[in-house]
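Open the model in a viewer and keep the selection tool at hand. The stops below each begin with something to select.

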Amino acid sequence: MKHIELLAPARDAEVGIEAVNHGADAVYIGAPLFSARAAAGVAVPDIERLAQYAHRYNARTIVALNTILKDEELPRAEEMIHQLWNAGADALIVQDMGLLEMNLPPIPLHASTQMDTRTPEKARLLESLGFRRIVVARELSLQQIRAISEQVSTELECFVHGALCVSVSGQCYMSAYLNGRSANRGTCAQSCRLPMDLYDAAGNLIVSQKHLLSLRDMNRSKYLRQLIEAGISSLKIEGRLKDMTYVKNVTAYYRQLLDSILAGRDDWEPVSDGSCTYTFEPHPEASFNRGFTDYYLEGNLETKNVSGAEPVWNFLTPKSMGERLGKIVRVMRDAFELDTKAVIHNGDGLMVLAKNDPNALDNSLIGFRLNRWDPQRHQIFPLGGTQITRQLRPGMEVWRNQDQAFDQLLMRKSADRKIPVDLRFTVQKDELRLSLTDSRGTEASTSWRPEQPFETAQRPQKDNYQRQLTKLGDSSFSARTFHLESGTEYFIPSSALNSLRRQAVINLEAERERVRCERREEQPAPKKPRVSGREILPADFRANVLNAKARKVFEDLGIENVEPAFEDERHTLLSETSLSRTPVMVTRHCLRYALGACPNFPKPNVSKSALPNGILATPWTLKIADKNFFLKFGCKNECMSEIFIIFAPQN
């Protein structure tokens, strides 16, 4: 039996609890310190509260402690990991190899996507080090994921939804270089989302102030079955900084899709227990998104040759695009008519594209609030009146990036999760016994003896027994079946039945927790013989070694003289007196291809935005803020590109 996990994000305990209520099999949340989203750190007592709630459903709480650590931070990290284990955390997502040399509790370690696992060789190495799960790189295709799965027995996890880093995870130093805010230390400033200028080798301006490194958001909802078949067992939603409504909506959406897939397979089942009901129809376009992409899951955009395929980039804006509503039919003085079937509400946030191609380099956005919607005439009256309508033309596309009514619906209680149980009620003259059995076969029972034998009832009592004993509404359970074992029906006070039911629920919860704790205390899988890390792990600063314990792991793997991490003050290439070109990003997003200037694929089928004729000379240079970055296009390496710092000569 293959166990499949839907893994949802939580910025705090409340969001995590709602993720569980809306169908998450597991929730990942930031440690108090040292997580890759420093702004999303959560106190240990809150993590304990989340874990206790999640464990009701056999759902897991996974803690992200996935930054690289300084030597002086290691003792605090070790102490905190013990606190997290004692608080009920089920696993840790980590990046720093130095943790392998520390005195840790038997908590399973998951290799973060920051560890940049792109090959079977890297996956085998991590498995040999004892990692129970590997989060594979976002950039991998189904074929590449399958190749890794065939080489390891450890669990594989991948992202299926949410924001994308343009860089290969763990290999981005742009933010650290520009302003000292390191992605590998949890303080990325998202410099890649900024507007920037692009120049050719002759200094000609190619593109001005566009978001050239800003990607769309991932949406792999159409590929869940293929991902599982390729070897993925944990499907991960990105978003530890996202709000409650986002997590509710997206988690419910993927839960429904996954349930429909699992229903058709006898050899796949969810990790956790319970089924969910919702007060809303999940709709991912209604939550924050920059437009969607499957992000190379079927291979490079250049090679899959799918007509009309969506690009991975969004040059227009790093903000939410939302959902496409329709096109403008007619523009009046202070309103416009919209061809749409959507239900629109006063106060919605709308956005109009000046050109219908979101990737057109000369496109622009017109954003506004909806002041009034006339559903009879399909007319929108924007807040701002003629100041907005004078910019509009028939044929322009309208998007909604904030749905007021949908958000308000999700701010209320919007889901209920219940574990089905079978009830067996045994009635004797001097004793009652109630047994509850959950969907995994865990059973608990309770009995009660009255002070005086029960009196024989004058009328049938089964309906009353069933009505009182199946009132499980305040618990995590719902009644699936009710079986009465009784030769004679007796009159039993409702108070006795209710007391029996409450105690049976308490006993079942306790038994489920006992079984869960037995599983938890199992030691992690024994480490396999360590393989050599030579030609697998880098030896330069991209090894992200920031402490002596991590350095020892590399040395034990046969890699000596590892350079200090980029974030280490001893890193010699950070001096602007040097003309060295330091690679600060590796990405599969190729600007030459995206802009129609690739010598191998000059006419991309995913963008109508071609460059002006003649501007093809490389190297190209990106100017971000006041810094220049030289671009190197690695066409022979799966079209992966490197971006280098280029230092200006000193006077």
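This is a predicted model: local features need pLDDT of at least 70, side-chain atom pairs count only at pLDDT 80 or more; totals for chains, interfaces and linings use all residues.

Helices (H or I, at least four residues) and strands (E, at least two) are DSSP runs, numbered from the N terminus. Residues are numbered from 1 along each chain as its sequence is written.

**Helix H4**

Select residues 120-128, which form helix H4. Is this helix enclosed or open? Of its 9 residues, 7 are buried, so H4 is largely enclosed by the rest of the structure; buried means under 20% relative accessible area, exposed over 50% and partly exposed in between (1.4 Å probe, protein chains only). The buried residues are Pro120, Lys122, Ala123, Leu125, Leu126, Glu127 and Ser128. Then move on to Gly130, which follows H4 and has a positive phi, near 100°.

**Helices H1 and H8**

Next, select residues 13-21 (H1) and 244-262 (H8), whose axes come within 9 Å and cross at roughly 20°. That crossing makes H1 roughly parallel to H8. Axes here are lines fitted to C-alpha atoms, for helices over the stretch in contact, with angles running from 0 to 180 degrees between N-to-C directions; angles under 35 degrees count as roughly parallel, over 145 as roughly antiparallel, 65 to 115 as roughly perpendicular and the rest as oblique.

Show the side chains where the two helices meet: Glu14, Val15, Glu18 and Ala19 from H1, and Met244, Val247, Lys248 and Thr251 from H8. The contact consists of 4 nonpolar, 1 polar and 3 charged residues. Nonpolar covers Ala, Val, Leu, Ile, Met, Phe, Trp, Tyr, Cys and Pro, charged covers Asp, Glu, Lys and Arg, and polar covers the others, Gly among them.

**Arg216**

Select Arg216, in the loop between strand E9 (205-210) and strand E10 (217-219). Arg216 counts as buried because its relative accessibility is 9%. A polar atom of its side chain lies 3.4 Å from the backbone oxygen of Phe292.

**Leu423**

Finish in strand E21 (residues 415-428) at Leu423, which is buried at 2% relative accessibility. Which residues does Leu423 touch, not counting those up to four places away in sequence? They are Leu434, Ser435, Leu436, Leu469, Thr470, Ala479, Thr481, Phe482 and His483. Arg480 is 57 residues from Leu423 in sequence, and their C-alpha atoms are 7.8 Å apart.

Terms used. Side-chain values use heavy atoms; hydrogens and water are left out. Contact means heavy atoms within 4.5 Å. A polar contact is a pair of N or O atoms within 3.5 Å; within protein, one must be able to donate a hydrogen and the other to accept it, and residues adjacent in sequence count only if both atoms are side-chain atoms.
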